[in-house]
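Me: Could you walk me through this model before I plan anything around it? I'll ask as I go.

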Amino acid sequence: MAFWRNRDNLDRYYNLQRNIIKILKFTLVFYVFISCSNESEVKKEISKIPIEIKIERFDTLFVKVTPETLPDLKKEYPFLFPEKYADSIWIKRSQDTIQQEVNIEVEKTFLDLSKEETELYSLFQHIQYYFPEIKTPKIVTIINDVDYRNKIVLSKGLLIIALDTYLGKDHHFYEGIQKYLRQNFERKYMVPDIASMYAKNQVGPIRDRTFIGNLISFGKELYIKDLLLPEFTNARKIGYTEEQYSWAITNEEYIWRYFIDKKLLYSTDSSLMPRFLYPAPFSKFYLEEIDKEAPDRIAQFIGWRIVDSYMKNNNVSLRQLILADAETIFNRSKYKPKK
């Protein structure tokens, strides 16, 4: 008590406190400055990477095909013409009335793909920066009978985009398809879908059967998409509307507490995957007040947050992240949802 009665000691104490606060503020500003400086340098490096992007419109070429021009088209795009089908089949298909109606709708929507070319240019610059072994593919657009399970095909240096799966969620072609699937049939999700294919290829198949193993694997994919699409909104990256993403952010703590309280993290119950990780009308908590609002794939969102926290709290490379097992990432992530 005698120490605090001494006015000089008290003044020295307050001065010391003020100096500590100043040092902490300076340190914080310094680290923020360094972080921004590093990000700026990375951005500059990426912007200098030369990329050649050309979207080849096979869909418009096929519309105009004739028996005379078909051989040349087959020669240029052999991967789109299985040999088991005779030429007459392709001519008949090009002249089919339904095919022609789809062609008209695709042409109306995608008269110009310059915006997508610009976004793809940036995407492949980022892919080259983070994964220099990957070569820019031959990019081809097709019409694929609204096969939404194969909107994007990536194989052997080829990137094939089915334009008829991006006509807009309310397009009449999609009337027989469930609403939660149609949500992503928007043009703005085309490039994020392409980034997803590259991210999946880097992360590889999920081998950990636990819920946390699956959750972290999807989190890795979304973290990679974050790097590849820095100018895109988080909602667009994960395939949510802005309202759905806002709901996930607002309820993050509740979602995480539910997973913990129900002891789901190390469960191998396969029913958890369609409930919380796969496309569905909503994430199934089996709570009426929540299920009506919760967007699907909510555990992917949580996995993304955990992986992001892991990368912020550990000095590891992207390659080390990809190779790290789920338990290591979870234990070292220091993940704590915001209240």
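Me: What share of the residues counts as buried here?

Reply: In this predicted model, 45% of the 339 residues of the protein count as buried. The accessible surface comes to about 19,900 Å², and 53% of that belongs to carbon and sulfur atoms.

Me: And how many helices and strands are there?

Reply: The protein has 18 helices and four strands. Taking contacts between residues at least 6 apart in sequence, 62% of them join residues at least 24 apart.

Me: OK, the core. Which residues have the most contacts inside the largest nonpolar one?

Reply: That core has 83 residues, and the ones with the most contacts inside it are Phe-211, Phe-259, Phe-276, Ile-298 and Ile-306. Helix α10, residues 211-228, gives the most to this core, with 10 residues. Apart from it lies another core, of 14 residues, which includes Phe-58, Leu-80, Trp-90 and Val-140.

Me: What does Phe-259 touch, leaving aside its neighbours in sequence?

Reply: Once the residues within four places in sequence are left aside, Phe-259 is in contact with Phe-211, Leu-215, Leu-264, Leu-265, Phe-276, Ile-298, Ala-299 and Ile-302. Phe-211, Phe-276 and Ile-298 in that list are also among the residues with the most contacts inside the core.

Me: Back to α10, why is it described as largely enclosed?

Reply: Because 17 of its 18 residues are buried, α10 is largely enclosed by the rest of the structure. Its end C-alpha atoms are 26 Å apart, which agrees with the 26 Å that 18 residues should span at 1.5 Å a residue.

Me: There's a glutamate in there, Glu-221. Buried or exposed?

Reply: Glu-221, which lies in helix α10, counts as buried because its relative accessibility is 9%, and the cut-off for buried is under 20%. Not counting residues up to four places away in sequence, Glu-221 touches Ala-199, Lys-200 and Val-203.

Me: Switching to the strands, which way do they pair?

Reply: Both senses occur: β1 and β2 pair in the parallel sense over three bridges, β2 and β4 also pair in the parallel sense, over five bridges, while β3 and β4 pair in the antiparallel sense over four bridges.

Me: What about the turn between β3 and β4, which residue has the positive phi?

Reply: The hairpin of β3 and β4 has two residues between the strands, and Lys-156 there takes a positive phi near 50°. Lys-263 has a positive phi of about 55° although it is not a glycine, and its place is in the loop between α13 and α14. Lys-263 counts as exposed because its relative accessibility is 69%. Lys-334 likewise has a positive phi of about 55° without being a glycine; Lys-334 sits in the segment after α18 and is exposed, with a relative accessible area of 62%.

Me: Now α6. Which of its residues are buried, and what covers them?

Reply: The buried residues of α6 are Gln-99, Val-102, Asn-103, Glu-105 and Val-106, and what covers them includes β1, α3 and α5. An α-helix has 3.6 residues a turn, so residues three or four places apart point the same way.

Me: Last one: what does Tyr-129 touch?

Reply: Tyr-129, found in helix α7, touches Val-42, Glu-45, Ile-46 and Ile-49, not counting residues up to four places away in sequence. Tyr-129 and Ile-46 are 83 residues apart in sequence, yet their C-alpha atoms are 6.2 Å apart in space. Tyr-129 counts as partly exposed, because its relative accessibility is 29%.

Notes: Residues numbered from 1 in each chain as written. Predicted model: local features only at pLDDT ≥ 70, side-chain atom pairs only at ≥ 80, totals over all residues. Heavy atoms only, no water. Buried < 20%, exposed > 50% of the residue type's maximum accessible area, 1.4 Å probe, protein only. Contact = heavy atoms within 4.5 Å. Core = buried A, V, L, I, M, F, W, Y, C linked by side-chain atoms within 4.5 Å. Areas by Shrake-Rupley, 256 points an atom, 1.4 Å probe, with all protein chains shown as cover. Pairing = 2+ DSSP bridges. Expected span 1.5 Å × (residues − 1).
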